[in-house]
2 protein chains.
Amino acid sequence: MKKKLTGTVKHVMVGEDKHTLETSSIPRVQVTFEGFVGDQHAGLTRLSDVRVPHYPRGTVIRNTRQVSMLSLEEMADIAAALHLPEILPEWLGGNLAFQDIPLLTMLPPSTRIFFPDDTVLVVDAENLPCTGPGEMIQQHYPIIPKLVQAFPKAAMHKRGLVGWVERVGYINEGDTVWVQLPSPVTYSY
Amino acid sequence: MKKKLTGTVKHVMVGEDKHTLETSSIPRVQVTFEGFVGDQHAGLTRLSDVRVPHYPRGTVIRNTRQVSMLSLEEMADIAAALHLPEILPEWLGGNLAFQDIPLLTMLPPSTRIFFPDDTVLVVDAENLPCTGPGEMIQQHYPIIPKLVQAFPKAAMHKRGLVGWVERVGYINEGDTVWVQLPSPVTYSY
């Protein structure tokens with residue numbers, strides 16, 4: 001039998017300012033069915049964007065991108081690929097930065113992450129990297145050229161996950177989480 | 001390139017009576033972020049039950065089981081396995097009965113089903129068969145013994161799916177739907 005898949009919450013972050021992707025660290029956050037209290041991406045619904053091209057732009061759809069989750073190990077890989085000393089999870093608009101969850105970004109849709117203070121998050125999808133976080137990184141390293149353009153490739157399959165709240169509660173810096181994979185399903189037609 | 005995966009809505013059903021699993025056919029239903037208007041399983045949240053044993057029984061969780069979807073071909077297979085002339089989707093508490101979607105019950109979590117009147121449903125999971133629907137079938141074939149006990153085995157991987165509303169709209173009997181599979185993900189640790 002496989003070892004239980006676990007990890008640690010190293011940073012809890014929220015971003016209230018809709019004019020920037022950047023988030024700020026806090027020690028503890030309340031989690032409702034809308035998402036993280038005080039975060040700009042919280043809400044039961046959202047307007048469709050370029051990430052869901054099968055909807056007319058601006059359609060009201062259920063918000064499955066309430067929370068952005070990052071892996072510190074994957075962020076170190078991105079920094080190394082860009083020859084940078086470090087990238088902070090706040091720059092990528094992260095709400096959670098985990099340590100010790102292997103290949104976080106590859107966790108499949110419907111994976112559940114259980115937190116000790118009741119919260120359960122469900123993985124919607126891999127967060128596909130675009131140039132937005134590259135712009136934040138560029139601002140922090142203004143003398144290094146072309147970070148905006150280089151970010152998406154360097155961050156592919158390492159930019160973390162987005163997900164939604166299945167059970168409300170709190171999340172604290174330092175929490176140990178348990179990761180439950182969905183049953184593997186094979187479908188072909 | 002593969003042929004587009006499509007199917008047809010043969011029955012639209014709602015069940016208002018919380019004392020029975022059985023649903024009734026209607027020609028058209030309004031679909032909100034809560035589910036099918038007038039159906040007992042509609043709601044943004046639900047109380048956890050035996051299907052989610054990782055939660056204390058009765059915990060308020062997000063309702064990902066708003067809609068029950070069935071395949072007429074799979075229901076014919078269940079009827080054949082039980083040596084019955086037919087099983088109606090209403091007896092299984094179905095909200096939708098599809099035709100021509102191959103292996104409906106095996107569609108993976110996060111599969112999206114697009115309806116022409118705007119509605120989009122997302123697959124949460126296979127609906128694991130229990131004895132409840134067997135009791136409904138038994139009521140309709142009172143002289144045939146042990147249908148209750150035989151149902152779960154006969155219906156395994158053929159009892160359809162449950163899912164939730166991503167985009168609101170209407171669903172009509174006769175609608176042609178388009179099925180979008182999620183990107184395949186492989187994860188091992």
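Predicted model: local features only at pLDDT ≥ 70, side-chain atom pairs only at ≥ 80, totals over all residues.

**Entry 1: helix H1 of chain B**

I looked up which residues of H1(B), residues 72-81, are buried, and got Glu74(B), Met75(B), Ile78(B) and Ala79(B). They sit on the same side of H1(B), because the arc they cover around the axis is only 145°. Next I asked what covers these buried residues of H1(B). The cover includes strand E7 (67-71) and helix H3 (147-155), both of chain B. I also checked what follows the helix: after H1(B) comes His83(B), with a positive phi near 60°.

**Entry 2: the contact between the chains**

How many residues does each chain put into the contact? I find 38 from chain B and 38 from chain A. For size I went to area, since an interface is often described by the accessible area lost when the parts come together. Here about 3500 Å² is buried between chain B and chain A, and carbon and sulfur atoms give 60% of that. In chain B, the residues that lose the most area to chain A are Arg62(B), Tyr187(B) and Tyr189(B), together 26% of what that side buries.

I then counted polar pairs across the interface of chain B and chain A: 12 residue pairs are in polar contact, both partners at pLDDT 80 or more. On the side of chain B that touches chain A, strands E6 (60-62), E9 (112-114), E10 (120-126) and E11 (161-167) of chain B each supply at least two residues. E11(B) gives the most to that side, with four residues. Sorting the side of chain B by class, I get 21 nonpolar, nine polar and eight charged residues.

**Entry 3: salt bridges between the chains**

Side chains of opposite charge can pair when their charged atoms come close. I count two salt bridges between chain B and chain A.

One of them is Asp124(B) with Arg112(A), the closest N and O atoms 3.9 Å apart. Asp124(B) is in strand E10 of chain B and Arg112(A) in strand E9 (residues 112-114) of chain A, so this pair joins two chains.

Asp124(A) counts as buried at 13% relative accessibility, and Arg112(B) is buried at 11%. Then I followed shared partners: salt bridges join Arg112(A), Glu166(A) and Asp124(B) into one network.

**Entry 4: salt bridges in the whole structure**

I widened the search and found 12 salt bridges over all chains. Among them is the pair Arg46(A) and Asp49(A), whose side chains meet at 3.0 Å, N to O. I looked up how accessible each partner is. Arg46(A) has a relative accessible area of 16% and so is buried, while Asp49(A), at 26%, counts as partly exposed. The cut-off I used: buried means under 20% relative accessible area.

Key. Residues numbered from 1 in each chain as written. Chains lettered and ligands numbered in written order. Heavy atoms only, no water. Buried < 20%, exposed > 50% of the residue type's maximum accessible area, 1.4 Å probe, protein only. Arc of directions from axis to C-beta. Contact = heavy atoms within 4.5 Å. Buried area = accessible area lost by both parts, 1.4 Å probe. Salt bridge = Lys/Arg side-chain N within 4 Å of Asp/Glu carboxyl O. Polar contact = N/O pair within 3.5 Å; in protein donor to acceptor, adjacent residues only side chain to side chain. Nonpolar A, V, L, I, M, F, W, Y, C, P; charged D, E, K, R; others polar.
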